[in-house]
Structures are given as C-alpha cells and as structure tokens.
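Work through the exercises below with the sequence and the predicted model in view. Try each task before reading its solution.

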Amino acid sequence: MQGQNKKKAFASVSELQVWITSADSECDNYPSVTSDESYELSVDSPVAVLKAPKVWGALRGLETFSQLVYEDEYGAKSINRTEIQDFPRFTHRGLLLDSSRHFLPIKVILANLEAMAWNKFNVFHWHIVDDPSFPYMSRTFPQLSQQGAYHPYTHVYTPSDVKMIIEFARLRGIRVVSEFDTPGHTQSWGKGQKDLLTPCYSGASPSGSFGPVNPILNTTYDFMAMFFKEVSTVFPDAYIHLGGDEVDFSCWKSNPDIQKFMAQQGFGTDYSKLESFYIQRCVASVRHGLKSNTVVHVWMGNKFEEELQKVTEAGFTTILSAPWYLDYISYGQDWQKYYKVEPLSFNGTDAQKKLVVGGEACLWGEYVDATNLTPRLWPRASAVGERLWSDKDVKDTNDAYSRLIQHRCRMVQ
C-alpha cells in the first residue's frame with residue numbers, strides 16, 4: 001500500500017510509460033523465489049514513468065500507481081507528483097488457502113488471487129487436500145478424487161482448472177505452491193488408494209479404522225514417487241510443500257507389523273524416528289523430480305522466535321507462519337497484532353537472519369467456505385502483506401490505520 005499526501009503538488013498526467021530495463025523481461029516465465037520485483041515510479045506533469053528491471057517489478061509498480069490515484073473533493077480523479085523507489089523486504093510473501101475442509105469454487109480462488117495482487121503478495125500456498133476431502137483430480141491416480149472428493153464431478157479441480165489458476169496467478173506475478181501433506185492428514189487418500197494407510201489394531205485384531213500413511217511398505221514410496229512426479233509436471237514452481245506436521249502415532253503404535261519394524265530398525269519406542277524415516281525416504285523418492293533444496297516452514301507455536309533460532313541455526317532457509325493464523329477470529333482490530341510482528345526478532349547472527357526469506361498468512365478451512373472466506377481474510381491479510389513488503393522501520397499503526405481504511409474501501413469497490 002502506498003500513502004497519499006494531499007499536500008503534495010497535483011500532477012496533470014496524460015500518459016504512463018512503462019519501461020522494462022533488462023534485456024530479458026522474463027515475461028514468458030513463471031515467477032520464482034529469485035524474481036526481481038523492484039521498480040521506480042516518477043509521477044510528473046504530463047508523463048508518469050515506471051521503470052523496472054523485470055516484468056514482476058512493473059506489475060508491483062502498476063499496483064502502486066493505481067493506489068496513488070484518488071478522488072478530489074469534486075469527484076475528479078487526481079494524482080500527486082511523486083518519486084518512488086520500491087522493492088520488497090522479503091522475497092516470499094504468501095497466503096495459504098485450504099480447499100479440503102470446505103471445497104473452494106474456482107471463482108473464489110481467482111478473486112483472492114486478484115486481492116493478493118492488490119496487496120503485493122507473491123505466493124499462493126494451495127493446501128489442496130487433507131483428511132476430509134481430496135479434490136485434486138490426478139491423471140495418474142484418478143481414483144483418489146473419484147473416491148476421496150466430496151463429490152467426484154462438482155467438487156474437484158480438473159487438470160484444466162489447475163492450469164487456469166496457475167496462469168491467472170502468473171499474470172499477477174504470483175507463484176502457486178501446492179501442498180500434499182503426508183504422512184498424517186491423509187484419511188481422504190486412503191479411500192482411493194488401497195494399502196496406503198496403516199491399519200489400526202484394537203488388541204490383537206484390526207479395528208477397521210486407518211491411521212497415517214504406512215511407512216514400512218515399499219509400495220508406499222513407489223506410489224509417492226509416481227504421484228509427486230505428476231504433481232511436479234502439473235505445478236511449474238520449483239517447490240512442493242510436503243506438509244509433514246501433526247502425525248498421530250497411536251495407530252502406528254497399535255499395529256504389530258510396525259512394532260516389529262521399529263524393533264528391526266532399532267527405533268525402540270520412539271515413533272518420531274519412524275516419522276523421520278518416512279519423511280527422509282519420501283523426500284528421497286520425490287526429490288529426483290524437484291529442482292530445489294529444502295525450506296522449513298515454521299507453523300505453530302507461541303514461541304516462534306525460539307523455533308526460528310533453531311531452524312536457522314541448523315542452516316535451513318525458512319518461512320514463518322506461526323503469528324499469522326487468520327482463521328483465529330477475535331473481536332475488534334486484530335490486524336494490529338499481525339502488523340506488529342517482526343519476523344527477525346529472534347536471537348541469531350546476520351547469516352541466520354538472511355535465511356528467513358519471508359512468511360505466509362494462513363486461512364485454514366474448518367470454519368471457512370465460499371460464503372465467508374473473503375470478509376474473514378481481507379483486509380486483515382493486508383497487514384501481513386505490508387509487514388512482509390515494507391521496511392522494518394515502517395511500523396506506526398496509526399499511519400497504517402489511515403492507509404488501511406482507504407485500502408479497504410478501494411478493495412471493496
């Protein structure tokens with residue numbers, strides 16, 4: 001968001017020139033974690049000039065230009081003389097939407113990609129499947145959505161739907177990072193993929209229910225390798241999110257085959273070792289199709305500073321979400337607490353802090369569907385967008401408030 005100072009000299013602009021100054025504008029490419037989003041904007045009578053090395057910066061500069069236009073007291077559109085040099089503080093500025101708890105129609109996703117562009121977000125983290133439903137239509141394993149979606153035809157994302165969403169995002173300089181969370185959060189996978197989930201036991205006999213992905217079968221890893229090979233051809237981004245959180249060990253503990261495997265591996269009764277075994281093997285079988293190294297996503301936890309310190313100490317590139325769970329609703333202006341977060345407020349060296357490439361606001365879908373998603377997300381997410389774009393010294397909440405109420409009206413219009 002860009003401030004408007006009415007005291008500045010009014011500029012009578014009849015033309016906006018956009019110059020891409022680098023030989024390779026990257027116009028035909030997909031945005032990536034290294035995309036240059038910087039730009040310079042000069043507004044003067046009669047010509048405004050926007051210069052950017054790459055097309056991604058031009059998109060951000062056009063957004064700023066449109067936000068500088070205001071209505072004067074006579075209702076005429078005006079703009080003030082101004083000089084702006086701008087670039088984002090963090091390269092990863094994401095928003096997570098969850099399309100498994102409730103199916104999100106395509107038009108809702110597109111409307112939010114549009115809103116993301118208005119707020120200079122550049123990553124759509126698509127948490128596409130989870131326990132309740134599997135709406136992603138796989139070409140390789142069509143039975144996953146046939147059996148696992150809420151409805152096999154109306155509540156699925158076809159390959160052409162996904163392609164359209166990715167292209168719509170690309171034209172706004174937004175990456176689409178898909179998440180297929182395993183080994184937990186996979187109940188819907190088991191409906192269409194036999195023997196993928198672990199049979200739970202009650203005493204000596206199977207209870208009829210299933211737990212996380214079965215980590216001791218080779219077929220599990222064959223399936224994952226084939227599935228993620230397809231995913232990496234459908235989603236062009238260099239990164240895929242593998243989830244890996246909140247694994248409930250009780251089913252694994254109840255299963256005699258898994259108990260035997262634990263003993264063979266020398267894991268004792270430490271089931272987190274089995275989880276690590278699964279994740280390492282899964283990543284190894286998936287990685288041959290991926291072009292990138294591992295990035296750690298810091299989710300939950302009130303003490304995210306401690307977590308960031310640990311993860312960066314271990315040398316991992318990191319993104320932060322813990323303080324930005326927008327599905328938590330409180331009365332009043334809760335945007336302020338999101339705005340006041342300082343992602344680099346943890347103890348660590350400069351080298352550690354460089355590893356934090358940005359963050360994401362998350363809107364989990366347990367209580368969110370097409371009817372309430374937009375008002376719950378915006379303009380609260382705008383506060384996170386500004387925190388991740390602007391300099392760390394831009395933190396005056398009164399100043400932000402006056403811009404946020406204008407920006408809200410702009411988005412509503």
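**Exercise 1.** Find how many disulfides the whole structure holds, and which cysteines form them.

*Solution.* 
- Step 1. Apply the cut-off: two cysteine sulfur atoms must lie within 2.5 Å.
- Step 2. Searching the whole structure gives 1 disulfide. Cysteine 200 and cysteine 251 form this link, with their sulfur atoms 2.2 Å apart.
- Step 3. Cysteine 200 sits in strand E11 (residues 197-202), and cysteine 251 in helix H7 (residues 250-254). They are 51 residues apart, so the pair links distant parts of the chain.
- Step 4. Read the geometry. The angle about the S-S bond is -110°, a left-handed link.

**Exercise 2.** Decide whether cysteine 200, cysteine 251, cysteine 27 and cysteine 282 are buried or partly exposed.

*Solution.* 
- Step 1. Buried means under 20% relative accessible area.
- Step 2. Both cysteine 200 and cysteine 251 are buried. Cysteine 282 is in no disulfide; its nearest cysteine sulfur, that of cysteine 251, is 18 Å away.
- Step 3. Cysteine 282 has a relative accessible area of 3%, so it is buried. Cysteine 27 has 44%, so it is partly exposed.

**Exercise 3.** Describe the largest pocket: what is its volume, and which residues lie nearest its centre?

*Solution.* 
- Step 1. The volume of the largest pocket is about 810 Å³.
- Step 2. Its lining has 33 residues; His241, Leu242, Thr294, Val295 and Val296 lie nearest the centre.
- Step 3. Sort the lining by class: 16 nonpolar, 11 polar and 6 charged residues.
- Step 4. Find the top contributor. Helix H9 gives the most, with 6 residues.

Terms used:
Residues are numbered from 1 along each chain as its sequence is written. This is a predicted model: local features need pLDDT of at least 70, side-chain atom pairs count only at pLDDT 80 or more; totals for chains, interfaces and linings use all residues. Side-chain values use heavy atoms; hydrogens and water are left out. On a 1 Å grid over the protein atoms alone, a cavity is a set of points where a 1.4 Å probe fits but cannot get out, and a pocket is an open set with protein on both sides within 12 Å along at least five of seven lines; lining residues have an atom within 4 Å of a point. Grid points are joined across faces, edges and corners, and a volume is the space filled by probe spheres set on the points. Helices (H or I, at least four residues) and strands (E, at least two) are DSSP runs, numbered from the N terminus. Ala, Val, Leu, Ile, Met, Phe, Trp, Tyr, Cys and Pro count as nonpolar, Asp, Glu, Lys and Arg as charged, and the others, Gly among them, as polar. Buried means under 20% relative accessible area, exposed over 50%, partly exposed in between (1.4 Å probe, protein chains only).
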